[in-house]
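The exercises below are each followed by a worked solution. Read the structure alongside them.

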Amino acid sequence: MSTYAQKKGFGATLWDYLTTVDHKKIAILYLIAGGFFFVIGGLEAVFIRIQLAVPNNDFVSAGLFNEIITMHGTTMIFLAAMPLVFAFMNAIMPLQIGARDVAFPFVNALGFWLFFFGGVFLNLSWFFDGAPDAGWTSYASLAMASKGHGVDFYVLGLQISGLGTLIGGINFLVTIINMRAPGMTYMRMPLFTWSTFVTSALILFAFPPLTVGLVLMMFDRMFGSNFFETSMGGNTVIWEHLFWIFGHPEVYILILPAFGIFSEIFAMFSRKRLFGYSSMVFATVLIGFLGFMVWAHHMFTTGLGPVANAIFAVATMAIGVPTGIKIFNWLLTMWGGSVKFTTPMHYAVAFIPSFVAGGVTGVMLASAAADYQYHDTYFVVAHFHYVIVGGVVFALLAGTHLYWPKMFGTMLNETLGKITFWLFFIGFHMTFFIQHFLGLWGMPRRVFTYLPGQGFETSNLISSLGAVFMSLAVIVLLYNIIATSVKNVRVGNDPWGDGRTLEWALPSPPPFYNFKQLPLVRGLDAYWLEKMEGKKGMTPAEPVGDIHMPNASFLPFVIAFGLFVAAFGALYHMDDKAWSVPVIIIGLLITFGAMFLRSVKDDHGFHIHKEELMEDDKDKGVKA
Amino acid sequence: MANPQLNSGNPRVDIEYRRKKSAEEMRHQVVSFALMIFLTLIAFAAVAMKGFSAWFIVPFIILLAIVQVIFQLYYFMHMSHKGHEAPSLFLYSGVLVGAVTVLAFSTIIWW
């Protein structure tokens, strides 16, 4: 590490991150980009709550409100939650399985830049005649009728960032199948790695339907085809099916890593082995499997008929079983453990009742007959915010506090962390609990305002006040991050003192080659096992030898940038602009040129020699 | 995926055994190749011959195609050998997801 710890100028650091293929740095990129989009999506949420705080409000117009809700949903799901999940997967999963990097480091970087340019493209719609306004689901009957270029930004932006996610998922699959350290059998993998594995499999199967749907919509909007145009013999319901065949696994793509993070936290801070490890693995796989059999529960009122509705209702309720197994396992992990209430543990404990509340309303919504009543009301809004915020966002905030020392080498302030937690926890329940009742009283979702005297005023005001608490929580978190980074107090391998899995056996942050010698894994919770036998670190599984590392490359950035350029050309093609086709061609030339360069130019990487690794050891001895 | 028992450079593997294995492998490939040609001829014949309705020919050709894919995967791409558990898991999962989609589309959207 010594050669890399030297101070570098801003330009050198920037270039380092633009060209990096190191999974830990890509994780930081995902964290920054995902955090940035999280703040944007959060601001949009605040605007929604300001608009709805009082009846007959004119803070935003109806059209702008549609754009804000669409962008809030799209940004939060695709550009905030997924990249933040990817940040932790990238940062932690290779360390947990004892690998030196992911299987395809170059592809990993490409995945990030595709996501990033897709996200930037989507958000640029605010500055070029209007954001998408057909809802985050972009149902075809609305999307086809949408004026302006909003929906085109949605289609092209998601297509590009979806490509990035897909190749990221494939990369994780190959890594977990092929690069586990000696002794790391499947049934010794930490639960976060297991959930990464199942999530990546879901990405592999769920994103192609989205890609197909987006391609069909792109042809309908830009090149005059009629897949969804009913007057021309198309079928608008096909989009709904394609979207939800992707969309339902997508919510499990978000929640399973959250389950993984919480499983790590419960075991760590209960100072106990995770209760029912094998049933946890089974439940994770089963949730992933069932996730593909239930998509039509989003479409009960479309008119699928009683048989289809009944099948999908029963399949949906079945998912409650493996999820219940998990909840009980977490409770039994804490039972009898010596529980330490750190910030991550606060989130984990709060997650259980919050998520169960979301799960219970989920089963309510799953009964197709009752769903006709709940459909398109605030009850649905309350439900999915309970599972996504109470599950995924809690996990992301918990993971930020838990893994911050491993990613950056400093501990976030625990007091500020707990203040963040309480503000967020109170704000979250204040905002969304009351929305269950608003829904049952008949307030429809996606309306930009409501009239006074309908009984919605007080509840909406309470809901909006909750958003203030959540905003304060995020501000405290940002302050915490800045304060911690400025103080820069370095921490050792296992700053929480209770690390169980391999990542805590490494320095914080780990050296760029992760493991000097691959560790020998002797059981579940490998590092904990060694600690309990009084050892300082892992037993190596190999002698010190040369380590083969990939070279940094600027090409992933260029490949993604080319698609970004081409997307602008495609977007304005339907306006009969003369420059649109040349722009498409230039963009694709950049992309394929960079890909061609990558293919013909051999890049064998470099070796870190044994002697340098030994040198590093001596350096550390001096510093300590 | 590697094919360790046939092409490994390990000198301890009995050369006679390897030769026998390779011969067997070759026979399987030739037989399945011949079968695939035969199935293709049948597919063409089904279309060329008069008297069959489209409702018979289309499912019939799809069935032949599925058989061909299985031959391809198992005899030419070595999925019958050990060490292909992960690829077959993902192949079959993908087939399952695709089949559910097709089933749903053909039952609740189009008919």
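**Exercise 1.** Are helix 2 of chain A and helix 4 of chain A roughly parallel or roughly antiparallel to each other?

Solution. The structure is a predicted model.
- Step 1: take the geometry. Helix 2 (residues 23-53) and helix 4 (residues 105-124) of chain A pack at an angle of about 15°, and their axes are 10 Å apart.
- Step 2: apply the cut-off. Angles under 35 degrees count as roughly parallel.
- Step 3: conclude. Helix 2 and helix 4 of chain A are therefore roughly parallel to each other.
- Step 4: The crossing of helix 2 and helix 4 of chain A is left-handed.

**Exercise 2.** Which residues in helix 2 of chain A meet which residues in helix 4 of chain A?

Solution. 
- Step 1: list the helix 2 side. Helix 2 of chain A contributes A:His23, A:Ile26, A:Leu29, A:Tyr30, A:Ala33, A:Phe37 and A:Ile40.
- Step 2: list the helix 4 side. These meet A:Pro105, A:Asn108, A:Ala109, A:Phe112, A:Phe116, A:Gly119 and A:Asn123 in helix 4 of chain A.
- Step 3: sort by class. The residues of this contact divide into ten nonpolar, four polar and no charged.

**Exercise 3.** How do helix 18 of chain A and helix 19 of chain A run relative to each other, roughly parallel or roughly antiparallel?

Solution. 
- Step 1: take the geometry. The axes of helix 18 (residues 555-573) and helix 19 (residues 580-600) of chain A come within 7 Å and cross at roughly 160°.
- Step 2: apply the cut-off. Angles over 145 degrees count as roughly antiparallel.
- Step 3: conclude. Helix 18 and helix 19 of chain A are therefore roughly antiparallel to each other.
- Step 4: Helix 18 of chain A passes helix 19 of chain A in a left-handed crossing.
- Step 5: sort by class. The contact of helix 18 with helix 19 of chain A has 19 nonpolar, six polar and one charged residues.

**Exercise 4.** Is A:Asn514 buried or exposed?

Solution. 
- Step 1: locate the residue. A:Asn514 sits in the loop between helix 16 (457-487) and helix 17 (526-532) of chain A.
- Step 2: count and classify. A residue is buried if 20 or more other C-beta atoms lie within 10 Å of its own. A:Asn514 has 21 C-beta neighbours inside 10 Å and so counts as buried.
- Step 3: name the partners. Apart from neighbours within four places in sequence, A:Asn514 is in contact with A:Pro94, A:Leu95, A:Arg100 and A:Leu506.
- Step 4: turn to another residue of the loop. A:Asn488 also lies between helix 16 and helix 17 of chain A. With 9 C-beta neighbours inside 10 Å, A:Asn488 counts as exposed.

**Exercise 5.** What backbone features are found at A:Pro509, A:Asp525 and A:Arg271?

Solution. 
- Step 1: A:Pro509. The peptide bond from A:Ser508 to A:Pro509 is cis, with omega near -15°. A:Pro509 is in the loop between helix 16 and helix 17 of chain A.
- Step 2: A:Asp525. This residue is not a glycine, but its phi is positive, at about 55°. A:Asp525 is placed in the loop between helix 16 and helix 17 of chain A, and it is buried, with 22 other C-beta atoms within 10 Å.
- Step 3: A:Arg271. Phi of A:Arg271 is near 50°, again a positive value in a residue other than glycine. A:Arg271 lies in the loop between helix 8 and helix 9 (277-290) of chain A. With 14 C-beta neighbours inside 10 Å, A:Arg271 counts as partly exposed.

**Exercise 6.** How many residues does the contact take from chain A and from chain B?

Solution. 
- Step 1: count each side. The contact takes 13 residues from chain A and ten residues from chain B.
- Step 2: assign elements. On the chain A side, helix 7 (191-222) and helix 8 (236-269) each supply at least two residues. Helix 8 of chain A gives the most, with four residues.
- Step 3: sort by class. The residues on the side of chain A that touches chain B divide into ten nonpolar, three polar and no charged.
- Step 4: describe the partner. Chain B has four helices and zero strands, and buried residues make up 2% of its 111 residues.
- Step 5: note the confidence. Chain B averages a pLDDT of 83, and 87% of its residues score at least 70. The model scores ipTM 0.81 and pTM 0.92.

Notes: Residues numbered from 1 in each chain as written. Chains lettered and ligands numbered in written order. Predicted model: local features only at pLDDT ≥ 70, side-chain atom pairs only at ≥ 80, totals over all residues. Contact = placed C-beta atoms within 7 Å. Nonpolar A, V, L, I, M, F, W, Y, C, P; charged D, E, K, R; others polar. pLDDT = per-residue confidence, 0-100. Axes fitted to C-alpha atoms, helices over the stretch in contact; angles between N-to-C directions. Parallel < 35°, antiparallel > 145°, perpendicular 65-115°, else oblique. Left-handed = near helix turned anticlockwise from the far one by under 90°. Buried ≥ 20, exposed ≤ 12 C-beta atoms within 10 Å, placed from the backbone.
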